Amino acid sequence: MKKLKVFSAPYLVWMIVFILVPLLMVAYFAFTTDSGKFTIRNISNVGQYANIFVRSIWLALVATAVCLLLAYPVAYLLSRMEKHKQGTMLLIVMLPMWMNFLLRTYAWMTLLGNNGVINHILGIFGLGPYKLINTSGAVVLGMVYNYLPFMILPLYSVMEKIDKSVIEAASDLGCNSASVMWRVIVPLSLPGITSGITMVFVPAISTFIISRMLGGGSNLLIGDLIEMQFLGNSYNPQLGAAISLVLMVIILVIMTVMNQFSPDDQVLI
Amino acid sequence: MRSISKKVFSVLAAAVLGASLMTSCSSGDTAEEEDTEETEYQTLTVEDEEYYTRFKGKDVSINVYNWGEYICTGEDEGTLDVITEFENLTGISVNYTTFATNEELYAKLKGGGVTYDVIIPSDYMISKMIKENMIQKLDYNNIPNFKYIMEDFRNQAYDPTNEYSVPYTWGTVGIIYDETVVDIPEKDIDWDILWNEDYADQILMFDNPRDAFAIAEIVCGLSLNTEDPQELKMAADKLKEQKKIVQGYVMDEIFDKMGAGEALIAPYYAGDAMTIMESNDSLNFVVPDSGTNLFIDAMCIPNSSQNKEAAEMFINFMCEPDIAYANIDYICYSTPHSAAFKMLDPEIQNDPAYYPSDEVKANMTVFVNLSDEANMTMQTLWTEMKSAEEDGVNKWLVPIFLIICLLIIIFVLVRRYIKSKKDIF
C-alpha cells in the first residue's frame with residue numbers, strides 16, 4: 001500500500017495548485033478591498049442580489065427535478081434490457097454529449113424562436129405563435145436538455161447492479177409491482193439518485209451561457225452575475241469572489257441536506 | 001463589445017441554419033463582378049522603405065493584441081496579408097492574438113504576466129488605461145504617417161493631447177430595422193422607436209450597460225458621459241420602462257436574430273449592421289440625427305512593451321495608405337485615415353451610415369471613461385433592471401423556496417426520528 005501512495009503524488013500536487021490555492025484566493029479576494037485591507041462589505045453587498053440567488057436555486061431545482069423524473073424510468077428500462085441492447089441504447093443517450101455544448105444550446109435558439117422551427121410547425125396547424133424563447137421555461141429546458149445524461153448515467157450504473165433475483169424474491173414474497181418499485185428498487189438505487197442530483201444541480205446552478213442564449217438576457221442567474229463582475233464594465237473581482245463564495249456555501253448546505261438521504265444508514269435496516 | 005468574431009458566428013449560423021453569411025462587405029460586389037474585375041489587386045508601396053528596414057536581421061519580435069476579425073488577412077483574393085507584409089518588409093516577427101471585449105483586454109493587462117507591444121482598445125478604455133498608467137506616451141517622430149489621421153479624430157476627449165494613441169477605425173451606433181414592417185419614414189426614425197409599444201416583443205437591446213445606458217441617456221436628453229447618480233437613475237428607469245417590450249438583451253446573437261427576422265428593431269454598431277444587412281434584404285440602417293455614440297478604436301503601446309520602437313514601427317505601418325485601405329476595406333468600419341478614405345468606393349464615401357455629415361457628427365459623443373463610482377452605480381442599476389421580475393412572480397418565489405427547504409428539513413428530521421425508534425427494537 002505504501003508504495004502505491006507515491007503514485008498519488010501528481011494528483012496531490014495538482015489538487016494543491018489548481019484546487020486548494022485558487023479556493024484560498026477566492027476567499028482572500030472576497031474578504032479584502034482592492035488595496036488588500038480586510039472587509040466584509042463584499043459579502044454584505046451580495047445581499048442585494050438575493051432575488052438572483054433565489055431564481056438560480058429555484059430554476060436549478062426545477063431542472064433537477066424534471067431530470068430525475070425523466071431519467072428514472074429511462075435508466076430503469078435501460079438496466080432491465082438485454083445486455084447487447086443496453087450498449088446501443090446507452091450510446092444514444094450519450095450521443096448528444098459528443099456535440100459541443102454551445103452548439104447544442106444554440107440549436108435550441110433556432111428551434112424555440114418566434115419564427116423558429118416549433119412555432120413554424122404549430123403555425124401549419126393554425127396554432128401560435130407562442131412565446132417560447134426568452135422565458136425562464138426555456139432556461140429550464142436548456143438545463144434539462146444539457147444535463148439529462150448526467151442524471152441517466154449514475155442511475156443506470158447503480159440499477160444495472162440490482163440483481164434480478166432480488167426483484168423476483170420480492171414478488172414471490174407478495175409485493176405487487178408498485179411496492180417492488182417503492183420498497184426495493186428505489187432504496188437500492190438511492191446512491192444513484194443522490195449522485196445524479198449532485199451532478200445535475202451543481203452545474204445547473206452556476207451555468208451562465210444557457211440563461212444568456214435562451215433567457216434573452218433578462219433571466220439573470222448567479223453565473224451571469226459573476227461573469228459581469230469580471231468581464232462587465234465595472235471590473236470588480238472582489239464582489240465576484242464574494243458571490244462565488246456565497247454560492248459555494250449554498251451548494252454545500254444543499255449537498256449536506258442531500259447526504260441525509262445517503263444510503264449508509266440503509267444498510268443498517 | 002464591438003467587432004465580435006463575426007466569423008465564428010457565421011460558421012455557427014452556417015452549421016445550424018445551413019445559411020452562409022458573407023463577411024466581405026465591399027458593397028454591391030457579387031461573385032460575377034469579382035470575376036470580371038480580376039485586375040483589382042491591392043498592392044503595397046511604402047514611402048520610406050529605409051525606415052522599415054532598421055531591425056532587419058536583429059531577430060526582433062512584437063506581440064500584437066487586436067479585436068477578432070480586425071485586420072486584413074489576405075484571405076479574399078487580391079487583398080493584402082497585412083501581418084505577412086509587415087514581417088517581410090521589416091524582418092520583425094509578429095505574434096498576433098485577438099480579444100473579444102475591451103474588458104477582456106483590460107483584465108488580461110491588469111492581471112499581469114503578459115507582455116503586449118501593440119493593443120487596440122476603444123476610446124473609454126484608453127482613457128481608463130491612461131489614468132491607471134497602463135499605456136505609455138508615443139514618440140511621434142517614429143510615426144510619421146500620423147499626418148494622415150484626419151483632424152477630426154485627433155485630440156479627442158479620451159486622449160486630449162493625443163500623446164498615447166493613434167486612431168485605427170471609428171464608427172457609430174444606429175438603429176437597424178425591418179423596413180418592410182416598420183412603416184415610419186427613414187428620416188423620422190429616432191431612438192424613441194425602441195420604446196414604441198406597437199413593436200412590443202420585436203425589439204432587441206444591447207446586453208452591455210454602457211451602450212444601453214447611452215441610448216436611454218439620449219432619449220432623456222442627458223450627456224452620454226454623465227456620472228451624476230440621479231441622472232444615471234433616470235436612465236435606468238427609462239430602461240426599466242422599456243424592459244416589458246424588449247424581446248431580449250443580446251450582443252453577437254443580433255447577427256442571427258435580425259438576419260433571420262426574429263426581431264424587427266435593434267440598435268447596433270454601423271460596421272456590423274452592414275454585415276447583417278447583407279443576409280437580409282428587408283433591413284435598413286439609420287443613424288438618428290438626435291445624437292449617438294461615436295466610437296474610436298486606437299492603437300496604443302502598453303507599459304509592458306519590450307520593443308517600443310518596433311511597436312511604433314508597426315503602428316506607422318498600419319497607417320501606410322495602402323495598408324489602411326486594405327484593412328478598412330476588409331473590416332467595413334469607417335476610417336480616420338485621409339488617404340485611405342480617398343481610395344474608397346465613392347458609394348461608401350457618401351453613405352451617411354459610414355460617413356455622416358458634419359452636422360450629424362456634431363451631435364455625436366465619444367465615450368470617456370467614467371469614475372469607478374459611476375461605473376459601479378451603472379453596473380448595480382443595470383443588474384437591478386435586468387433581474388427585476390414582472391409583478392407578482394417575485395413575491396412568491398422566496399416564500400415558496402423557503403417552504404420547500406423547511407419541508408425537506410422536517411422530512412429529514414422525522415425520518416431520522418422514526419429510524420432511531422426502529423433501532424431500539
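Within chain B, 20 residues of domain 1 are in contact with 20 residues of domain 2, two residues being in contact if their C-beta atoms, placed from the backbone, lie within 7 Å. The side of domain 1 of chain B that touches domain 2 of chain B draws most on helix α1 (residues 6-17) of chain B, which gives three residues; helices here are DSSP runs (H or I, at least four residues), numbered from the N terminus. By class, this side of domain 1 of chain B has 15 nonpolar, four polar and one charged residues. Ala, Val, Leu, Ile, Met, Phe, Trp, Tyr, Cys and Pro count as nonpolar, Asp, Glu, Lys and Arg as charged, and the others, Gly among them, as polar.

The model is predicted, with local features needing pLDDT of at least 70 and side-chain atom pairs counting only at pLDDT 80 or more, while totals for chains, interfaces and linings use all residues. Residues are numbered from 1 along each chain as its sequence is written, and chains are lettered from A and ligands numbered from 1 in the order in which they are written.

Between the chains, the contact takes 29 residues from chain A and 34 residues from chain B. On the side of chain A that touches chain B, α4(A) supplies the largest share, six residues. That side of chain A divides into 14 nonpolar, 13 polar and two charged residues.

Helix α4(A) also meets α11(A), through residues including Ala60(A) and Cys67(A) of α4(A) and Ile197(A) and Phe201(A) of α11(A). This contact has twelve nonpolar, three polar and no charged residues.

Notes. Helix = DSSP H or I, 4+ residues; strand = E, 2+ residues; numbered from the N terminus.
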